Amino acid sequence: MFTVEFKKLFQPILLLVALLITIVFYNQDMRFILKHWPNGGMIPIYDQASEWQNRFGQTLEDAEIAEIEAEYATLVKQADKIVSENSIAKQLQLENYAEFESWSQENLPHIAINEMNEEEKEISKQFDAIEQDLIGATGHSMVDKIDVLQKLYNSMKQFDSSDMFLNNERYTEKERERLSETLFMEEGWRNILPSHLTSTVTHHFELILILLIFLLSLLIPSVFVRDRLLGVRKIQWSSRHGRKILWTQFISGMTASFLLITCIVGFFGSLLYFTDFTQYFSNGLNSFFSDNEEPLLLSIYQWTFGQWIVNVVWLVYLIGMAYSGILLFLSQTSQHYLSLLMKIIPVGFVFIFFANRVLKDAFYLKNELYQWTKIPMIELYAGILLLVISISLPIIFCIRQKNQDLLD
């Protein structure tokens, strides 16, 4: 019976539709992290992190920090010389890079060029002309590199002592203790990991989970509703083995869901191995590249980046299997396709909303569930609780429905 029910879930037409949905979803959303990240302002940060990773390994020692500071001072001197010799900078009475930076912050318009007036366009041209001279031998602007190093230098300074760093009203006493141990006693703050890499990866897995919600909604529940419409269940109840049909359908549905989740997570998750992210898998979650303006974008767990990804994958499995349990329950309680559809749509959106809250900044202080509860590992606990509740519903229905069907 299990083999028969399991085969029903793999209908060629539905599988073809699922494949088309997957291709469209990938091209619209999921290819970003593989094809276009880093981009914008993250490019110089990622380049700097990659350079340090290649030169120094996973962490920074005191001697390496001193070497970076010396390189930063040399870079600023070079920029000072270039600015002082630039003809437009002379007209603006800018004598060094610091004055050029201050002038650009005060005057450079941060709007699209088609929205600028003539004065703003002139300022933009002056900035571009000076910046053109600041392009180094590698073809990258010194402005971007100096800006990144300035932020990193300020980030390093906040780690002079744990008291200075943890003096933030947004941390609880327990968080201060955990962060002190994670960041200072084990020197986890010395890890080289580009900022926002973890948030970008969790967004990728969030998209994987959303795709799974669509595919599971398409492939799992409709088969069992069709059996009810065709009167197959009554025929199945007439045989001795068929009296366990509800349990068989439940097991086959959960098995198919697990295999589908494994295939999707395995395929799209493995694509990360074809990126430069692999060089950071052994690095810690916290680093110099943490944004000073995001004090909650820190983790209290002494995990490597690779271990953190494994825990994120666990969350995807927990939520995906929980959604499968709900789908099986809805298929058992729906008399026709329209009834099923009207139930799946709101439930699917609720799961997408929940997935966003669980996966976004997962296992970081910034995670919304953690901020609401202040319970460490709340993401995994919430996923497990959701799975237990969702699996319990179809199990209870199977127990109660068997006697009712026998009487009918």
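User: Contact means heavy atoms within 4.5 Å, and with that settled, which residues in helix 4 meet helix 9?

Analyst: Pro44, Ile45, Gln48, Glu51 and Trp52 in helix 4 meet Asp144, Lys145, Val148, Leu149, Leu152 and Met156 in helix 9. Sorted by kind, the residues of this contact are seven nonpolar, one polar and three charged, where Ala, Val, Leu, Ile, Met, Phe, Trp, Tyr, Cys and Pro count as nonpolar, Asp, Glu, Lys and Arg as charged, and the others, Gly among them, as polar. Before going on, please keep in mind that this is a predicted model, in which local features need pLDDT of at least 70 and side-chain atom pairs count only at pLDDT 80 or more, while totals for chains, interfaces and linings use all residues. Residues are numbered from 1 along each chain as its sequence is written, and side-chain values use heavy atoms, with hydrogens and water left out.

User: OK, and at what angle do helix 4 and helix 9 pack?

Analyst: Helix 4 (residues 42-56) and helix 9 (residues 142-157) pack at about 70 degrees with their axes 9 Å apart, the axes being lines fitted to C-alpha atoms, for helices over the stretch in contact, and the angles running from 0 to 180 degrees between N-to-C directions. That makes helix 4 roughly perpendicular to helix 9, since angles under 35 degrees count as roughly parallel, over 145 as roughly antiparallel, 65 to 115 as roughly perpendicular and the rest as oblique. Their crossing is right-handed; a crossing is right-handed if the near helix is turned clockwise from the far one by less than a right angle, and left-handed if anticlockwise.

User: Stepping back, how many helices and strands does the protein have?

Analyst: The protein has 19 helices and zero strands, where helices (H or I, at least four residues) and strands (E, at least two) are DSSP runs, numbered from the N terminus. Of its 408 residues, 49% count as buried, with buried meaning under 20% relative accessible area, exposed over 50% and partly exposed in between (1.4 Å probe, protein chains only). Among contacts with a separation of 6 or more, 77% are between residues 24 or more positions apart.

User: And which residues have the most contacts inside the largest nonpolar core?

Analyst: They are Trp52, Phe100, Phe305 and Trp308, in a core of 122 residues, a nonpolar core being a set of buried Ala, Val, Leu, Ile, Met, Phe, Trp, Tyr and Cys residues joined through side-chain atoms within 4.5 Å. Helix 16 (residues 305-332) gives the largest share of this core, 16 residues. Leaving aside neighbours within four places in sequence, the contacts of tryptophan 308 include Thr198, Leu285, Trp303 and Phe363.

User: How do helix 16 and helix 17 pack, and at what angle?

Analyst: Helix 16 and helix 17 (residues 337-359) pack at about 165 degrees, with their axes 11 Å apart, and are therefore roughly antiparallel to each other. The crossing of helix 16 and helix 17 is right-handed. Among the residues making the contact are Val312, Ile319 and Tyr323 of helix 16 and Leu340, Phe351 and Leu359 of helix 17, and the contact residues divide into 17 nonpolar, two polar and one charged.

User: New topic: is serine 257 buried or exposed?

Analyst: Serine 257 counts as buried, because its relative accessibility is 0%. Serine 257 lies in helix 15 (residues 245-270) and, leaving aside neighbours within four places in sequence, is in contact with Leu216, Ile220, Met321 and Ser324.

User: Where is leucine 297, then?

Analyst: Leucine 297 is in the loop between helix 15 and helix 16, and is buried, with a relative accessible area of 13%. Leucine 297 and tyrosine 364 are 67 residues apart in sequence, yet 6.0 Å apart in space, C-alpha to C-alpha.

User: What about the backbone: which peptide bond is cis?

Analyst: The bond from tryptophan 37 to proline 38 is cis, with omega near 5 degrees, and proline 38 is found in the loop between helix 3 (32-35) and helix 4. Glutamine 93 has a positive phi, near 60 degrees, in a residue other than glycine, and is exposed, with a relative accessible area of 66%. Histidine 196 also has a positive phi, of about 70 degrees, although it is not a glycine, and histidine 196 counts as partly exposed at 30% relative accessibility.

Note on methods:
Contact = heavy atoms within 4.5 Å.
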